[in-house]
Amino acid sequence: MLWIFYALVKTGEGLLISINAAGCVIETVYIVMYLVYAPRKAKIFTAKIVVLLNIAGFGLIFLLTLFAFHGETRVVTLGWICVGFSVCVFVAPLSIIGRVIKTKSVEYMPFTLSLTLTLSAIVWFLYGLLIKDKYVALPNILGFTFGVIQMVLYVFYMNKTPMASQVKEGKEAWKAPAEDHVVVINVGKADKSSCAEVRPVTEMAGAVDVPRRCAAEAAAPGQQVMAVDFARSVEVV
């Protein structure tokens, strides 16, 4: 929104208007989708940010630059404001960079996104040089720098540790179904001279009576018994 306003004030900047208009549409779709699927607290927080920045913030900048500044001063003021917000956009990934270093996982920093941002910064920097617009060129130097840092970190950490989602899937894969291993011991009817009757839960549900030999003598009623299966042990009362 700010870059469109800057291009309109400066005049003759059709490319800035077209690309940022497309960006506004795409980012609006992102925000709407987020508001649809986000939790209630996140929706409220995002709505406050939109009102604060996109409506109140932009409205204040629009009114101040339109009425408080005139001529070249207006262009210069808007230019530096745009540089400031662009720097914020490029500095935002610093939190992701810190997370990658801490977790040694690149799951939350896709390489294609870092590469695209770096290439975009290079193109816009060159464009700013060609049209001799320092406000377009300057923030993209920082964008190029952070883009390169992200790609270097990705290459360095991509084979260090598995991604969190892969670790979770691996743990789930090793977990055997509970119904195949849980056994039920009827302790109340057992005594020291006889073995408790052990049946798989699935077989009991199907009313199939398949007795097994118990591994230990049944304890007195009210005490805890440890039933050991091949996969794991289950404590029952």
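## A walk through a predicted helical chain

Helix H1 is followed by Thr 11, a residue with a positive phi, near 70 degrees. Keep in mind as you look around that this is a predicted model.

**The overall plan**

Let us step back to the whole chain. Its secondary structure comes to 9 helices and 4 strands. Along the sequence these follow the pattern α-α-α-α-α-α-α-α-β-β-α-β-β. The chain has 237 residues, and 27% of them count as buried. Among the contacts with a separation of 6 or more, 56% are between residues 24 or more positions apart.

Now back to the start of the chain. Which residues of H1 are buried? They are Leu 2, Trp 3, Ile 4, Phe 5, Tyr 6 and Ala 7. These buried residues pack against H2, H3, H4 and H7.

The largest nonpolar core of the model has 14 residues, and those with the most contacts inside it include Trp 3, Tyr 6, Leu 78 and Tyr 135. Helix H1 (2–10), helix H4 (72–91) and helix H7 (134–157) each supply at least two residues of this core. H1 gives the most, with 5 residues.

Leaving aside its neighbours within four places in sequence, Leu 78 is in contact with Phe 5, Tyr 6, Val 9, Ile 61 and Thr 65. There is also a second, separate core of 8 residues, which includes Ile 97, Val 100, Phe 146 and Tyr 154.

**The annotated spans**

An unreviewed UniProt entry places the feature "transmembrane region" at residues 15–37, 49–69, 75–96, 108–130 and 136–157.

**The largest pocket**

Rolling a probe the size of a water molecule over the atoms shows where empty space is left. In this model the largest pocket holds about 2000 Å³ of space. Its lining is made of 48 residues, and those nearest the centre of the pocket are Asn 20, Gly 23, Glu 27, Phe 85 and Val 89. How many residues does H2, the helix that gives the most to this lining, contribute? H2 gives 11 residues. At least two lining residues each come from H1, helix H2 (14–37), helix H3 (40–67), H4, helix H6 (111–130) and H7.

**Two residues to look up**

Thr 46 lies in helix H3. Is Thr 46 buried or exposed? The cut-off for buried is under 20% relative accessible area, so Thr 46, at 15% relative accessibility, counts as buried. Leaving aside its neighbours within four places in sequence, Thr 46 is in contact with Tyr 34 and Leu 35.

Glu 72 has its place in helix H4. The cut-off for exposed is over 50%, so Glu 72 counts as exposed at 57% relative accessibility. Glu 72 and Val 9 are 63 residues apart in sequence, and their C-alpha atoms are 9.5 Å apart in space.

Notes
Residues are numbered from 1 along each chain as its sequence is written. This is a predicted model: local features need pLDDT of at least 70, side-chain atom pairs count only at pLDDT 80 or more; totals for chains, interfaces and linings use all residues. Side-chain values use heavy atoms; hydrogens and water are left out. A nonpolar core is a set of buried Ala, Val, Leu, Ile, Met, Phe, Trp, Tyr and Cys residues joined through side-chain atoms within 4.5 Å. Buried means under 20% relative accessible area, exposed over 50%, partly exposed in between (1.4 Å probe, protein chains only). Contact means heavy atoms within 4.5 Å. UniProt positions are given in the numbering used here, feature names are shortened, and annotations may be inferred rather than shown by experiment. On a 1 Å grid over the protein atoms alone, a cavity is a set of points where a 1.4 Å probe fits but cannot get out, and a pocket is an open set with protein on both sides within 12 Å along at least five of seven lines; lining residues have an atom within 4 Å of a point. Grid points are joined across faces, edges and corners, and a volume is the space filled by probe spheres set on the points.
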